[in-house]
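Below is a short report on one protein chain.

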Amino acid sequence: MLFAIFILVFTFIGLILGVFVGTPLLSVTSGEVALTAMYCLIGLVAIDAIFALFTRFVMPKKYFDPFKKRFAVPKWERKFYEKIGIRKWKDKVPEAGKYLVNFSKSEVADMADNEYVYKFMQETCYAEIMHLYGAIFSFAIIFINLRLALLVALPMIVANVLINTLPVMIQRYNRPKLMILYQRNERNQKKEQ
């Protein structure tokens with residue numbers, strides 16, 4: 001809900017800028033501004049959906065191994081997340097995994113089950129890549145109307161990049177903790193044998 005409000009606010013900012021600044025300066029009609037804003041919003045939703053589907057159903061599953069170097073989170077990055085207080089606000093960011101793939105990343109349901117913990121880590125990799133692609137490729141909406149790109153599209157791109165960056169940060173913050181849990185479970189299982 002918060003994200004929908006956020007996107008609508010930035011869409012509204014784009015509309016206001018387009019109407020009050022773009023109309024007199026660029027000789028465009030308010031209708032063209034509204035149509036551009038609508039196309040940009042549809043474009044953003046389409047881009048996010050396409051890359052979510054591409055990541056989930058086209059990219060090979062082996063790409064999302066949480067132990068691969070590409071998903072490693074350096075110590076300086078973990079410190080950065082602590083410094084910005086991610087622990088306080090990360091649970092306020094909506095998580096759609098439970099609706100889209102029937103896997104909630106809100107909390108670890110079974111800490112002792114390493115198969116579950118590995119799937120959880122893998123889901124953080126999926127989410128990270130999906131949101132990263134969504135943020136990067138949102139810049140494509142600039143080409144919907146180049147004359148109004150800065151006034152209408154740019155505020156919407158900024159909103160989309162922020163909306164997609166927060167979940168990436170949360171996934172990268174949580175994954176090292178899950179890896180520690182996974183490795184501890186491995187050691188405990190070896191001791192029991």
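Buried means under 20% relative accessible area, exposed means over 50%, and partly exposed covers what lies in between, with a 1.4 Å probe and protein chains only. By that rule, Glu77 counts as buried at 9% relative accessibility.

The model is predicted: local features need pLDDT of at least 70, side-chain atom pairs count only at pLDDT 80 or more, and totals for chains, interfaces and linings use all residues. Residues are numbered from 1 along each chain as its sequence is written, and side-chain values use heavy atoms, with hydrogens and water left out.

## Overall fold

The chain has 7 helices and 0 strands. Helices here are DSSP runs of H or I with at least four residues, strands are runs of E with at least two, and both are numbered from the N terminus. The order from the N terminus is α-α-α-α-α-α-α. The chain holds 193 residues, and 41% of them count as buried.

Contact means heavy atoms within 4.5 Å. Among contacts between residues at least 6 apart in sequence, 75% join residues at least 24 apart.

The chain exposes about 11600 Å². Carbon and sulfur atoms supply 67% of that area. Accessible areas come from the Shrake-Rupley method with a 1.4 Å probe; for residues, only the protein chains shown count as cover.

## Nonpolar cores and a surface patch

In soluble globular proteins, nonpolar side chains tend to be buried together. A nonpolar core is a set of buried Ala, Val, Leu, Ile, Met, Phe, Trp, Tyr and Cys residues joined through side-chain atoms within 4.5 Å. The largest one has 13 residues. Cys40, Ile141, Val152, Ala153 and Met156 have the most contacts inside it. Helix H2 (30-57) and helix H7 (149-192) are the elements that give two or more residues to this core. H2 supplies the largest share, 6 residues. A second, separate core has 8 residues, including Tyr116, Val117, Phe120 and Met179.

Leu35, Met38, Tyr39, Ile42 and Ile144 make it, and its area is about 450 Å². Patches are made of residues with over 30% relative accessible area and no salt bridge; like charges are joined within 9 Å, and nonpolar side chains (Val, Leu, Ile, Met, Phe, Trp, Tyr) within 5 Å. Met38 counts as partly exposed because its relative accessibility is 42%.

## Salt bridges

Side chains of opposite charge can pair when their charged atoms come close. A salt bridge is a side-chain nitrogen of Lys or Arg within 4 Å of a carboxyl oxygen of Asp or Glu. The whole structure has 7 salt bridges. Among them are these:

| Pair | N to O distance |
|---|---|
| Arg172 and Glu77 | 2.6 Å |
| Asp91 and Lys90 | 3.5 Å |
| Glu123 and Lys119 | 3.2 Å |

What does the pair of Arg172 and Glu77 tie together? Arg172 lies in helix H7 and Glu77 in helix H3 (residues 75-83), so the pair ties together parts that are 95 residues apart in sequence. Arg172 is buried, with a relative accessible area of 11%.

Asp91 is exposed, with a relative accessible area of 59%. Lys90 is buried, at 18%.

Glu123 and Lys119 both lie in helix H6 (residues 114-137). They are 4 residues apart, about one turn of the helix. Glu123 is buried at 3% relative accessibility, whereas Lys119 is partly exposed at 38%. Elsewhere, salt bridges that share partners join Glu77, Glu128, Arg172 and Arg175 into one network.

## Around Thr55

Thr55 is found in helix H2. Is Thr55 buried or exposed? Thr55 counts as buried, at 0% relative accessibility.

Leaving aside neighbours within four places in sequence, Thr55 is in contact with Phe64, Tyr126, Ile129, Met130 and Tyr133. Thr55 and Glu128 are 73 residues apart in sequence, and their C-alpha atoms are 10.0 Å apart in space. A polar atom of the Thr55 side chain lies 2.6 Å from the backbone oxygen of Phe51.

Terms used. A polar contact is a pair of N or O atoms within 3.5 Å; within protein, one must be able to donate a hydrogen and the other to accept it, and residues adjacent in sequence count only if both atoms are side-chain atoms.
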